[in-house]
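Hi there,

Here is the structure I promised to pass on.

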Amino acid sequence: MIKDGSRVIGLYGNNTIIGKVLTSRYYGAEFLYTVALETPLSFRWRDKPVSVALLSEKEIHYAPL
């Protein structure tokens, strides 16, 4: 489990992200982390950039930063 407030590097889709863990919770058989992104991500199907992402343990590749 990664502590709240830790800086992490992970993958969100095909994007490498850096951010800070806001919350963590155990859901099903894995931990999920709400991460505030340092650099918001833009998607063509959204009007505004995304500044918060929900990542699983599998998507966080290095922690803490």
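Leaving aside its neighbours within four places in sequence, which residues is Tyr-33 in contact with? Please keep in mind that this is a predicted model. In it, the contacts of Tyr-33 beyond those neighbours start with Met-1 and Ile-2, go on to Val-21, Thr-23 and Ser-24, and then take in Ala-53, Leu-54, Leu-55, Ser-56, Glu-57 and Ile-60.

Tyr-33 also turns up in the largest nonpolar core, which has 14 residues. Together with Val-35, Tyr-33 touches the most other members of that core. Strands β2 (15–27), β3 (30–41) and β4 (50–56) each supply at least two of the core residues, and β3 gives the most, with 5. As general background, nonpolar side chains tend to be buried together in soluble globular proteins.

Now to the sheet. The model has an open sheet of 5 strands, paired antiparallel, in the order β4-β3-β2-β1-β5. At the edges stand β4 and β5 (60–62); each has a single partner strand, so one side of each is left without a neighbour in the sheet. On average, neighbouring strands are turned by 45 degrees against each other, with direction ignored. Strand β1 (residues 7–12) runs antiparallel to β2, and 6 bridges join the two. One of the residue pairs to look up is Tyr-12 with its bridge partner in β2, Asn-15.

The side chain of Ser-24 makes a polar contact with the side chain of Asp-4, at 3.2 Å. Apart from neighbours within four places in sequence, Ser-24 is in contact with Met-1, Ile-2, Asp-4, Leu-32 and Tyr-33. For a distance check in your viewer, the C-alpha atoms of Ser-24 and Leu-11 are separated by 17 Å, with the two residues 13 apart along the chain.

Last, a word on confidence. The protein averages a pLDDT of 91, and 98% of the residues score at least 70. Confidence is highest in β3, at a mean of 94, and lowest in β5, at 84.

Best wishes

Notes: Residues numbered from 1 in each chain as written. Predicted model: local features only at pLDDT ≥ 70, side-chain atom pairs only at ≥ 80, totals over all residues. Heavy atoms only, no water. Core = buried A, V, L, I, M, F, W, Y, C linked by side-chain atoms within 4.5 Å. Buried < 20%, exposed > 50% of the residue type's maximum accessible area, 1.4 Å probe, protein only. Helix = DSSP H or I, 4+ residues; strand = E, 2+ residues; numbered from the N terminus. Contact = heavy atoms within 4.5 Å. Polar contact = N/O pair within 3.5 Å; in protein donor to acceptor, adjacent residues only side chain to side chain. Pairing = 2+ DSSP bridges. Axes fitted to C-alpha atoms, helices over the stretch in contact; angles between N-to-C directions. pLDDT = per-residue confidence, 0-100.
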